[in-house]
Amino acid sequence: MICVGLPGLAVSTEQGQLTGQGLEGIYHAGRRVLSRCLVRVAGREPIPVQAQMTGADRVRFVGTLRTSPNVGPDPDVMVERVRHADGTERITLHSAASRPLRLPVEVALGSDLALLGAVVAGGAGPELPAGVHGSGLRWTGAGSGSWVTAEPPPTDVLASAGLLRWELEIPPGGSAGVELRVRPDAAGATRPVGRTAACPLAAARATGDDPRVTGLLRTSIEDLQALLLRDPAHPADIFPAAGAPWRCGLAPAEALTAARMALPLGTRLAAGTLRSLARTQLAGPGSQSGMIPGPRRDAGTHLPPGCTGTEATLLFPVLLAEARRWGLPQQETEELLPAAERCLNWLRRTVGDGIHLPDPQPAGPVRCETQAHAHRAALLGADLLDACGRPGGAGLREWASSLRTAFRDDFWLEDSNGGRPAAARTPDGRPVLHLGSTAAHLLDTGLLGGGRSAEGLLDKTRTGQLARLLGEPERDSGWGLRTLGVQEVGYNPFGHRTGAVRVHETAVAVAGLAAADHEKEATSLLRGLLAAAESFGHRLPEMYAAERRTTASAPLPHPAACRPAATTAAAGVLLLTTLAGIRPDAPAGTVTLRPLRGAPLGELGLTGLRIAGAPFSVRVSRLGLAMVEEAAEGLQPGG
């Protein structure tokens, strides 16, 4: 049970008690400020009966006790604990007894002040000694500390045992409780960004014939809000962390991807993410000048780890170009344009006299999805440069045209079944033959003016063949798109790059298939994700096992998955707006709607989205017809 409201994080089991085992505890900015919180009432631990997430940043635990003699098997006291990611916990005792109760309540606390990385590695160390601090306790370690306060103040505080005690008097049928607050030393602001007026995400809502859409969009937005962080040096700039509990910091490629998919909720998250990453862009005369640095990412058994810095550098101009279409003000666009130009200059300089964009590592492969990212960056970057009166657009389009021709010759492998794209080319030119979910990036061509999709690396015939391949049971698990087909060498349903369903890549496939008019395959993948979302309480993890969906089955969680994850949460927004086919062109004052003609979820209403800085609402009928219900003044239907 993971509560997230960064920089706060609370990790609990379904029992509700924090024992200090494993990852359990309250964290702030990556440090465990409280590892143990054990509640006893009348000397006994409540019997746990329910644990339920009530929001991205809070969880409710319910336990019961029998305190009266001769009442049979029925409990007469319910113990409710509501725990928040910011370290606040409310413990309430509700009595069903017919007489007044006077119950001793003990809370045993402990802290090791361990860093999350040390906890994960099993090297947290022992609990630290506690000292009395006002109406609570305090722990100090090397350069850090935390403290707990209680309201009402406890009757007894035993620092040596880390124990707070109360005698609670509860009238018949009444309630009484205490509230604990855990805080780190020198914490500064602890309120999550998503809970402040500075939250950059619109409070959009979804309604329709399929009740799952309401929960999916609400939870997606809550999870994105919970993962928001401020740039420490520029607090006005907000960006999403990659995910909890493992990756609670900035991951450039994932942040850009999430901000791009969340554009229907407004452009402020995109702007904050772009500004934060522009400040990390490498400068100087070297070959990496203009890159946005990022860590390497495992690519499975068939390929060496990939460079997320390359992906982020290619995503930067794409996000800026599409944010402009969604209504990013011209002044902000122009302020970010130099960084985008440096990304595009890096692309052209790295390609040099060649055609394909190589891996940055020596003797690395030429990857299929990297060519798709580069081609999209060139076309949307050219569109952005032209719109802002900057040179270079013609050269980018010329190179993109050459890449399309070369890609179809070098990467498309013809066979008796219609062919397939290679995953990569080795340095000596041999194709890497496996086909997985990364091929979906070939369908993500990007948005140009007038609601048009940019041209992709594949022609119409090859796009149709790829759609057929992605829709086959070998790759469509019924819960989403497998990262590697069942018949491929090395397939593992739990393999994070060799089989497991990665939610955001399935969403990319759904959007790309829908844009290319392959609604059958898009609808199948969409229904799979919705079924998985329902199974996970609408809070999808970043990945889960890709075992075949059967009657009465459920998707298997992956033990290493982040939940929530920024790209997964934003994928929920992309899925639902894909159903309506929203394609804005704010600079031209138009919005084009291309909903799925089959209306696979029946009637769908989306309210509270944002285009051109104003609320935007749309409704799709059961006949697959879309109508704008609210829009910025002057925004006209596109062609």
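1. Helix H7 in this predicted model has 20 residues and spans 29 Å from its first C-alpha to its last, close to the 28 Å expected at 1.5 Å a residue. Of its 20 residues, 18 are buried, so the helix is largely enclosed by the rest of the structure. Just after H7, glycine 389 adopts a positive phi of about 70 degrees.

2. Aspartate 383 sits in H7, which covers residues 368–387. Its relative accessible area is 15%, and the cut-off for burial is under 20%, so aspartate 383 counts as buried. The side chain of aspartate 383 makes a polar contact of 2.6 Å with that of arginine 325. Leaving aside residues up to four places away in sequence, aspartate 383 touches Arg325, Arg397, Leu448 and Gly449.

3. The buried residues of H4 are Leu269, Ala270, Ala271, Gly272, Thr273, Leu274, Ser276 and Leu277.

4. The largest pocket has a volume of about 1200 Å³. Its lining comprises 48 residues, and those closest to the centre are Ser453, Ala511, Gly512, Ala515 and Arg583. Helix H10 (503–515) gives the most to this lining, with six residues. At least two lining residues each also come from H3, H5, H7, helix H9 (460–471), helix H12 (566–580) and strand S30 (582–585). By class, the lining of the largest pocket divides into 20 nonpolar, 15 polar and 13 charged residues.

5. The second largest pocket holds about 820 Å³ of space. It is lined by 45 residues, and Arg297, Asp298, Thr308, Glu311 and Arg497 lie nearest its centre. The elements giving two or more residues to this lining are H3, H5, H7, H10 and H12, together with strands S21 (296–297) and S22 (306–307). H5 gives the most, with four residues. The lining of the second largest pocket has 16 nonpolar, 16 polar and 13 charged residues.

6. The structure holds seven cavities of 30 Å³ or more, and the largest cavity contains about 80 Å³ of space. Of the 10 residues lining the largest cavity, Asp57, Arg195, Glu222, Gln225 and Ala226 are the closest to its centre. Strand S1 (2–5) and helix H2 (212–226) are the elements that give two or more residues to this lining. H2 gives the most, with three residues. The lining of the largest cavity consists of four nonpolar, three polar and three charged residues.

How values were computed. Residues numbered from 1 in each chain as written. Heavy atoms only, no water. 1 Å grid on protein atoms, 1.4 Å probe; cavity = no way out; pocket = protein on both sides within 12 Å on 5 of 7 lines; lining within 4 Å. Points joined across faces, edges and corners; volume = space filled by probe spheres on them. Nonpolar A, V, L, I, M, F, W, Y, C, P; charged D, E, K, R; others polar. Buried < 20%, exposed > 50% of the residue type's maximum accessible area, 1.4 Å probe, protein only. Polar contact = N/O pair within 3.5 Å; in protein donor to acceptor, adjacent residues only side chain to side chain. Contact = heavy atoms within 4.5 Å. Expected span 1.5 Å × (residues − 1).
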